[in-house]
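Q: I'm new to this one. Walk me through it, please.

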Amino acid sequence: MDRDIAQRAAEILGTKTLRETIHASLLEVVNAKRRLELIGLLSQTERFDFDAAEAAWGGDK
């Protein structure tokens with residue numbers, strides 16, 4: 001385990017212990033993958049109608 005990298009990660013994540021830092025780091029990796037998957041879904045042609053969503057939330061006002 002590279003303690004310098006762990007310390008830098010803890011500063012970024014706001015964690016106090018090595019265990020918290022590892023957990024938060026793993027969670028960030030999982031969430032990053034999920035965000036990429038969502039971006040992939042939303043970028044598919046005709047998968048999501050952004051204009052309809054905007055109009056539904058009063059975007060035309």
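A: Let's start at one residue. Glu 37 is partly exposed, with a relative accessible area of 43%. Buried means under 20% relative accessible area, exposed over 50%, and partly exposed in between (1.4 Å probe, protein chains only). This is a predicted model, where local features need pLDDT of at least 70 and side-chain atom pairs 80 or more, while totals for chains, interfaces and linings use all residues. Numbering runs from 1 along each chain as its sequence is written, and side-chain values use heavy atoms, without hydrogens or water.

Q: What does Lys 33 form with Glu 37?
A: A salt bridge, with 3.8 Å between the closest N and O atoms. The term means a side-chain nitrogen of Lys or Arg within 4 Å of a carboxyl oxygen of Asp or Glu.

Q: Where do Lys 33 and Glu 37 sit?
A: In helix α2, which covers residues 18-42. Lys 33 and Glu 37 are 4 residues apart there, so about one helical turn separates them. Helices (H or I, at least four residues) and strands (E, at least two) are DSSP runs, numbered from the N terminus.

Q: Why does that spacing matter for direction?
A: An α-helix has 3.6 residues a turn, so residues three or four places apart point the same way.

Q: How many salt bridges does the whole structure have?
A: A search of the whole structure finds 2. Asp 4 and Arg 8 also meet through their side chains in a salt bridge, at 3.7 Å from N to O.

Q: Which helix holds Asp 4 and Arg 8?
A: Helix α1, residues 3-13. Again, the two are 4 residues apart, so about one helical turn lies between them. Asp 4 is partly exposed, at 47% relative accessibility.

Q: What caps the N-terminal end of α1?
A: Asp 2 does. One of its side-chain oxygens lies 2.9 Å from the backbone nitrogen of Asp 4.

Q: Switching topic. Which residues of α1 are buried?
A: Ala 6, Ala 9 and Ala 10. They sit on the same side of α1, because they cover an arc of only 105 degrees around the axis. The arc is that of the directions from the helix axis to the C-beta atoms.

Q: What do those buried residues pack against?
A: Against α2.

Q: And which exposed residues are on the face turned away?
A: Ile 5, Glu 11 and Ile 12. That face of α1 points away from its buried side.

Q: What about Leu 13? Where does it lie?
A: Leu 13 is in helix α1 too. It is partly exposed, with a relative accessible area of 30%. Leaving out residues up to four places away in sequence, Leu 13 touches Thr 21, Ala 24, Ser 25 and Glu 28. Contact means heavy atoms within 4.5 Å.

Q: Okay, the loop next. Where is Gly 14?
A: Gly 14 lies in the loop between α1 and α2. Just after α1, Gly 14 takes a positive phi of about 75 degrees. Its relative accessible area is 59%, so it counts as exposed.

Q: And Thr 15, is it buried or exposed?
A: Buried, with a relative accessible area of 17%. Thr 15 is found in the loop between α1 and α2.

Q: What does the side chain of Thr 15 make with Thr 21?
A: A polar contact, side chain to side chain, at 2.5 Å. That is a pair of N or O atoms within 3.5 Å; within protein, one must be able to donate a hydrogen and the other to accept it, and residues adjacent in sequence count only if both atoms are side-chain atoms.

Q: What else does Thr 15 touch?
A: Ala 10, Glu 20 and Ala 24 are among its contacts, not counting residues up to four places away in sequence.

Q: Now Thr 21. Buried or exposed?
A: Buried, at 4% relative accessible area. Thr 21 is in helix α2. Its side chain also reaches the backbone oxygen of Thr 17 at 2.9 Å.

Q: Which residues does Thr 21 touch?
A: Ala 6, Ala 9, Ala 10, Leu 13 and Thr 15, again not counting residues up to four places away in sequence.
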